[in-house]
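Please keep the sequence and the three-dimensional view side by side while reading.

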Amino acid sequence: MKVAKFGGSSLASSSQLQKVIDIIRADSKRRAVVVSAPGKRFSGDIKVTDLLIQYAQAYLAKQPLEPIQSQILARYREIAAGFELPAADFKPIETHILGLPEQDYASEAYVLDAFKAAGEDNNAKLVAAILNHLGMPSHYLSPHESGLVVTDCPGDAQVLESSYQQLATFRKSKEILIIPGFFGYTENGAICTFSRGGSDITGAIFARAFKAELYENFTDVDAIYAANPGIVPHPEPIDHLTFREMRELSYAGFSVFHDEALIPAIEGGISVRVKNTNHPEKPGTLISARKIYDPKKPISGIASDKGFLGIYVRKYLMNKQVGFVAKILQILDENHVSFEHIPSGIDDVTIIIRESELTPDIEPKVLNEIRQAIKPDDLRVIHHYALVMIVGEGIQDHIGMMAKATTSIAQAGVSLVTLNHGASPVSIMFGIREKDTANTVRSLYKAFFKPAKKLQR
């Protein structure tokens, strides 16, 4: 069995859904299909999830609901009309969307999650109805029916380990299972959504539960690329990544997956293939536990992310003081601030944090507490960091890797503010100023990859 997940752009319209149906028909092993809510049909369009957020906000503000209800239903009706779906088969979708304001919710957070989840939920109902209408026996499998139980944490739910045994009972279904992504039910019966990349998480959960031979993730790109196409024109596609390479790249800014999205697949040892719904004949990118190392290509990809800061601390004989860094981390913990990296020297340490964590309202408080706790010789915050990562299974054993990377950065006229090598065997992290991000990525790409191919005209 294969588990196939289709993103919002793959399901944005009736013409896009026809491509999905053709893909399902092309391989009888695609027995479990996870769907997102309909995405953008064109530039400037609005995703159904964003419409549902507006719907929730209007409900909470006690504003008129009919205009936004009509807009949401119109998106689903367009898809249904493209397949001449009978009105009776569409009725459950209309009833669900119009009935959202009639439910009881414990708080505003649960309101938002229930409304958002309706995007995937109703799209799964719609896809299953259309497949049955076309003579392809299908079953809409709701998270409640399947037993997908999650933690009671709206917007950041985690699947409970006990769910997997119940989910596995549906593995031998003779019908095509159409599964809504993005959410599950708590033990108390409330809807809670996953974090960013929620439908990807659902796909990975079912791939693990079903012990799938492959988890196919269909999106709108032909493959995962070695660098951001918005920075490097026409970068090389990546044929094969390991899970830990993908984790590092996702953390550092790759937009194909949220860095947590593949965890269930990784835990289950399920390989993942990223493919394009619009070009399903192309091989895409395979992600697996292991790959054959090519010494000619030690780097798989280059990623970058902005929005970091560094708390720089200098204290003479810091290395002789037991618990010095622990005191700083305890202060961050007490102020609910998470950190990313800690490059250090004999008398210096820099705590790398996302700007969104150390907000302006708590920054003075945190710095004051650090001064009182450790009495540093120097303490300051450096804002507007960016992190650039080169990632590859061959980094650790490839001679001259660091020299090649730092030389290319220097040639780009960029100064390093921090560097982290050795914490991970598959990556080297460079801390730079945000303004230097694009130049750094381009220079590293030029050093480690062939020149980008120009498009034929």
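The side chain of Thr-219 forms a polar contact of 3.3 Å with the side chain of Asp-220. A polar contact is a pair of N or O atoms within 3.5 Å; within protein, one atom must be able to donate a hydrogen and the other to accept it, and residues adjacent in sequence count only if both atoms are side-chain atoms. The model is a predicted one, in which local features need pLDDT of at least 70 and side-chain atom pairs count only at pLDDT 80 or more, while totals for chains, interfaces and linings use all residues. Residues are numbered from 1 along each chain as its sequence is written, and side-chain values use heavy atoms, with hydrogens and water left out.

Thr-219 belongs to strand 7, which covers residues 214-219. Strands (E, at least two residues) and helices (H or I, at least four) are DSSP runs, numbered from the N terminus. Is Thr-219 buried or exposed? With a relative accessible area of 18%, Thr-219 is buried, since that word means under 20% relative accessible area, whereas exposed means over 50% and partly exposed lies in between (1.4 Å probe, protein chains only). If neighbours within four places in sequence are left aside, Thr-219 is in contact (heavy atoms within 4.5 Å) with Ser-9, Ser-10, Val-274, Lys-275, Asn-276 and Thr-277.

Helix 8 is mostly covered, with 12 of its 12 residues buried; among them are Ile-201, Ile-205 and Phe-206. Just after helix 8, Lys-211 adopts a positive phi of about 50°.

An α-helix has 3.6 residues a turn, so residues three or four places apart point the same way. Gly-413 follows helix 13 and has a positive phi, near 75°.

Two strands pair if DSSP finds at least two bridges between them. Seven bridges join strand 15 to strand 13 (residues 378-391), and the two run antiparallel; here Val-388 has Phe-430 as its bridge partner in strand 15. Strand 14 (residues 418-421) is also antiparallel to strand 15, with four bridges between them, and Thr-418 has Gly-431 as its bridge partner.

Strand 10 (residues 285-288) is covered on both faces: Thr-285 and Ile-287 are buried on one side, and Leu-286 and Ser-288 on the other. In a regular strand the side chains alternate between the two faces of the sheet. Which way do its partners run? Strand 8 (residues 240-242) is parallel to strand 10 and joined to it by three bridges, with Thr-242 opposite Ser-288. Strand 9 is antiparallel to strand 10, again with three bridges, and Val-272 stands opposite Ile-287. The loop between helix 10 (263-268) and strand 9 (272-276) contains Gly-269, which is exposed, with a relative accessible area of 54%.

The cysteines complete the tour. A disulfide is a covalent bond between the sulfur atoms of two cysteines. With the criterion of a pair of cysteine sulfur atoms within 2.5 Å, a search of the whole structure finds zero disulfides. Cys-153 is in no disulfide, and the nearest cysteine sulfur, that of Cys-192, is 7.1 Å away. Cys-153 is partly exposed, with a relative accessible area of 32%, whereas Cys-192 counts as buried at 0%.
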